[in-house]
Amino acid sequence: MVQKDPVYLDNDDKAHQGFMNEALKEAQKAYDEDEVPVGAVMVVEGEIIARAHNTRENEGSPLGHAEINLIQKAKTHFEGWRYLNASLYVTLEPCVMCAGAIISARIENVYYGTEDPKAGVCKSLYQLFSDKRFNHRPNLHGPILQDQCSSILKHFFASKRNKKAIL
Ligand code: ZN
């Protein structure tokens, strides 16, 4: 497999940070709903067209990841199944299910907040987006606002452990 390092953006890139901050707001919604805090937004021509977060626990669905929910929500914006010129911002590196959906939707750019060493397939475990055997390969950019995107996850899992300790 040909490996491609993600593009490391200039830290001063305020537009990307602004969109990732909006994805973080979605992650906070997930946190408040007792879901693993992952959030995502979709951007077309500089405008946010959809927002979503992880709903796996509350919907009891393994498909309830932020990116899958986002792709469903953004559907009305596009004429067919191809999400042309779309950029997806997500606080955590996509898993294999979401990366597959992103490739299938022909999303052009993926911006991630922090890496997921246990399940990420864009950089950590696999580099699916740079595998030349696929006929569509999204551009991968990140990490963006890594401290914030990883600390909300760490905080969530630490609070879960504390609750268990009290019980
Ligand atoms: Zn996923």
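Trainee: How do the axes of α3 and helix α4 cross, and within what distance do they come?

Mentor: The axes of α3 and helix α4 (residues 96-104) come within 8 Å and cross at roughly 30°. Axes are lines fitted to C-alpha atoms, for helices over the stretch in contact, and angles run from 0 to 180 degrees between N-to-C directions. Helices (H or I, at least four residues) and strands (E, at least two) are DSSP runs, numbered from the N terminus. This is a predicted model, in which local features need pLDDT of at least 70, side-chain atom pairs count only at pLDDT 80 or more, and totals for chains, interfaces and linings use all residues. Residues are numbered from 1 along each chain as its sequence is written.

Trainee: Which residues of α3 and α4 make the contact?

Mentor: Glu-67, Ile-68 and Ile-71 of α3 meet Met-97, Cys-98, Ala-101 and Ile-102 of α4. Two residues are in contact if their C-beta atoms, placed from the backbone, lie within 7 Å.

Trainee: Now the sheet: what is the order of its strands?

Mentor: The sheet is open, with five strands in the order β2-β1-β3-β4-β5 and mixed pairing. Two strands pair if DSSP finds at least two bridges between them.

Trainee: Which strands stand at the edges?

Mentor: They are β2 (47-53) and β5 (139-141); each has a single partner strand, so one side of each lacks a neighbour in the sheet.

Trainee: How many bridges join β1 to β2?

Mentor: Six bridges join β1 (residues 39-44) to β2, and the two run antiparallel. Val-41 has Arg-51 in β2 as its bridge partner.

Trainee: Which strands does helix α3 touch?

Mentor: Helix α3 (residues 66-73) packs on the sheet, touching β1, β2 and β3.
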